[in-house]
Amino acid sequence: MQKKLQLSRATSYPSECFASLKKNQTPESVIMSKNGHSNAAFVGDRADKLELAEKGQKNKAIVAKDPDYNPYHHRNVEHPTTNSETLFHLLKGSLGTGILAMPNAFRNSGYITGSIGTIVIGFICTYCIHQLVKAEFELCRRKKMPSMNYPAVAETALGEGPKCFRVLAPYIGTVVNTFLLIYQLGTCCVYVVFVASNIKAIVDAVGDTNIDVRLCMIIILLPLILINWVRNLKYLAPFSTLANAITMVSFGIICYYIFREPLSTEGKDAFGKPENFPLFFGTVLFALEAIGVILPLENEMKTPQKFGGSCGVLNVSMVLIVFLYVGMGLFGYLNYGASVLGSITLNMPEHEILSMCVKGMLAFAIYITHGLACYVAIDITWNDYVAKRLGAQRNVLFWEYAVRTILVLITFLLAVAIPNLELFISLFGALCLSALGLAFPALIQICTHWYQTKGLSKAWLILSNFVLIIVGILGLVIGTYTSLKEIVLTFSE
């Protein structure tokens with residue numbers, strides 16, 4: 001007798017995806033699905049049921065009865081995106097506060113190690129994304145479903161994998177959700193520290209003083225709570241558009257400051273200390289990885305078959321992203337050297353009007369999109385856990401606002417406790433994205449094709465993905481340990 005497994009409605013992508021709402025999307029379609037999908041068949045919206053493989057079957061995976069079923073032909077997307085729109089969304093999903101931290105990442109690695117390391121990490125991340133997308137297509141074909149989200153793909157894959165993994169299938173969706181939730185809350189912490197640090201830099205320059213960055217955090221707290229009380233995405237979308245425009249202008253001015261003086265390798269390390277490499281690894285993962293945004297964007301495409309491929313949307317976007325990240329990290333480090341800070345904006349001249357304008361604009365842009373960043377965390381916490389336990393009550397709205405406020409306060413308190421931008425970025429990059437971007441896609445790939453490969457193909461499947469899982473685990477453990485150790489050392493001095 002087949003066992004039906006109730007999948008939780010898990011949101012599967014970070015805030016940047018919300019920040020890229022399509023221009024022609026109506027308010028109704030924006031709020032149709034709180035996880036950003038107008039595809040009514042999207043697995044994870046409310047309580048969709050998914051058939052997993054029978055535990056009693058040996059060496060077999062349940063495959064769709066119709067081998068010609070193509071999930072792409074059964075997606076009912078109200079406002080599908082073109083290839084160029086998807087490319088823009090991917091770029092926006094990866095170009096955030098993380099790129100401003102790349103010079104600091106190169107300080108930990110050295111400019112040669114950093115350049116090569118960023119390219120290698122970018123290649124590995126792209127490979128893992130391809131494997132995740134291919135696994136989703138294959139599982140959707142077998143289950144005759146148009147699309148799935150990240151937790152659903154993980155749950156289905158483990159249910160069709162070896163016996164030792166099938167017992168974990170009911171729990172892997174929650175594990176993926178937990179990592180996504182931690183990552184989103186970590187992103188919100190980075191936002192709070194980034195905004196407060198840049199406000200402090202402006203106030204210090206104008207008032208010729210040295211205020212505590214925590215005071216700036218307290219000042220922005222109340223408006224931050226009010227922004228996160230907005231329950232409908234359509235009211236946040238205009239702020240996202242404004243933030244995008246401000247960010248592009250600011251990046252242009254930052255490039256002007258980087259290149260206005262001759263760059264030199266003198267006094268700059270070509271190869272960093274090995275003990276600092278985990279900090280580089282975590283920072284690059286945080287900045288580069290947009291693993292959570294991948295499946296939602298691919299599922300919403302007009303021509304999803306163009307997403308992969310050698311010259312597909314994914315490869316083109318990742319080449320551009322890696323190029324921009326290497327450029328910002330390399331030239332930013334060559335300009336400011338060992339004095340580079342957690343955000344390159346903090347190294348810009350203190351008393352120049354243009355410099356202060358850039359800091360103010362980026363602080364404002366990040367501040368007004370904090371509601372979008374926290375929306376995913378609120379969605380997961382409220383819809384998947386709290387609301388289900390409360391049931392039908394008169395004061396449900398009160399509890400929803402309470403949850404929103406508590407989540408903002410959690411990110412605020414973490415930021416107050418550890419107001420260090422570079423360590424926050426490295427910590428959450430290593431802790432969450434090593435698992436979400438490397439280990440989980442490799443595990444999903446093994447389970448998806450476990451019974452469909454033999455001989456050398458199966459040996460390669462196991463070997464290649466086992467290496468990725470080991471790299472992911474080592475990155476998570478060593479990167480998290482190194483970041484926590486640096487946090488303790490920094491604040492014990």
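1. Asp-208 sits in the loop between helix 9 (169-207) and helix 10 (213-227). Its phi is positive, about 50°, although the residue is not a glycine.

2. The model is predicted, so local features need pLDDT of at least 70 and side-chain atom pairs count only at pLDDT 80 or more, while totals for chains, interfaces and linings use all residues. Residues are numbered from 1 along each chain as its sequence is written, and side-chain values use heavy atoms, with hydrogens and water left out.

3. Confidence should be read before the details. The pLDDT is the predictor's confidence in each residue, from 0 to 100. The protein chain averages a pLDDT of 82, and 86% of the residues score at least 70. Over residues 1-65 the pLDDT is below 50; beyond near neighbours in sequence, this stretch has 196 contacts in the model. A contact means heavy atoms within 4.5 Å. In the protein chain, confidence is lowest in helix 2 (residues 27-32), with a mean of 35, and highest in helix 5 (residues 102-109), at 94.

4. The overall makeup is as follows. The protein chain has 19 helices and two strands. These are DSSP runs numbered from the N terminus: helices are H or I with at least four residues, and strands are E with at least two. Of the 493 residues of the protein chain, 59% count as buried. Among contacts in the protein chain with a separation of 6 or more, 85% come from residues 24 or more positions apart.

5. The protein chain exposes about 20800 Å², and carbon and sulfur atoms supply 67% of this area. Accessible areas come from the Shrake-Rupley method with a 1.4 Å probe; for residues, only the protein chains shown count as cover.

6. Which residues form a nonpolar patch on the surface? They are Ile-462, Phe-466, Ile-470, Ile-473, Leu-474, Val-477 and Ile-478, with about 590 Å² of accessible area together. Patches are made of residues with over 30% relative accessible area and no salt bridge; like charges are joined within 9 Å, and nonpolar side chains (Val, Leu, Ile, Met, Phe, Trp, Tyr) within 5 Å. Ile-462 is placed in helix 19 (residues 455-492) and is partly exposed, at 34%.

7. Gln-445 lies in helix 18 (residues 421-448). With a relative accessible area of 9%, Gln-445 is buried. Leaving aside neighbours within four places in sequence, Gln-445 touches Gln-131, Ala-135, Leu-461 and Asn-465.

8. A salt bridge is a side-chain nitrogen of Lys or Arg within 4 Å of a carboxyl oxygen of Asp or Glu. The count by this rule is 11 salt bridges. One of them joins Glu-138 and Arg-142, at 2.9 Å from N to O. The two residues are four apart in helix 6 (residues 111-143), so about one helical turn separates them. Both ends are buried: Glu-138 has a relative accessible area of 15%, and Arg-142 one of 4%. Glu-138 and Arg-142 also belong to a network of salt bridges with Arg-141, Lys-143 and Glu-160.

9. Arg-260 and Glu-352 meet in another salt bridge (3.1 Å, N to O). Arg-260 lies in the loop between helix 11 (237-259) and helix 12 (277-288), and Glu-352 in the loop between helix 14 (313-336) and helix 15 (353-368), so the pair ties together parts that are 92 residues apart in sequence. Arg-260 is partly exposed at 35%, and Glu-352 is partly exposed at 30%.

10. Lys-144 also has a positive phi, near 55°, and is a residue other than glycine. Lys-144 is placed in the loop between helix 6 and helix 7 (150-159) and counts as partly exposed, at 41% relative accessibility.

11. How many disulfides does a search of the whole structure find? The search finds zero. A disulfide is counted when a pair of cysteine sulfur atoms lies within 2.5 Å. The sulfur of Cys-189 is 7.1 Å from the closest cysteine sulfur, in Cys-188, which is too far for a bond. Cys-189 is buried, at 0% relative accessibility, whereas Cys-357 is partly exposed, at 38%.

Key. Buried means under 20% relative accessible area, exposed over 50%, partly exposed in between (1.4 Å probe, protein chains only).
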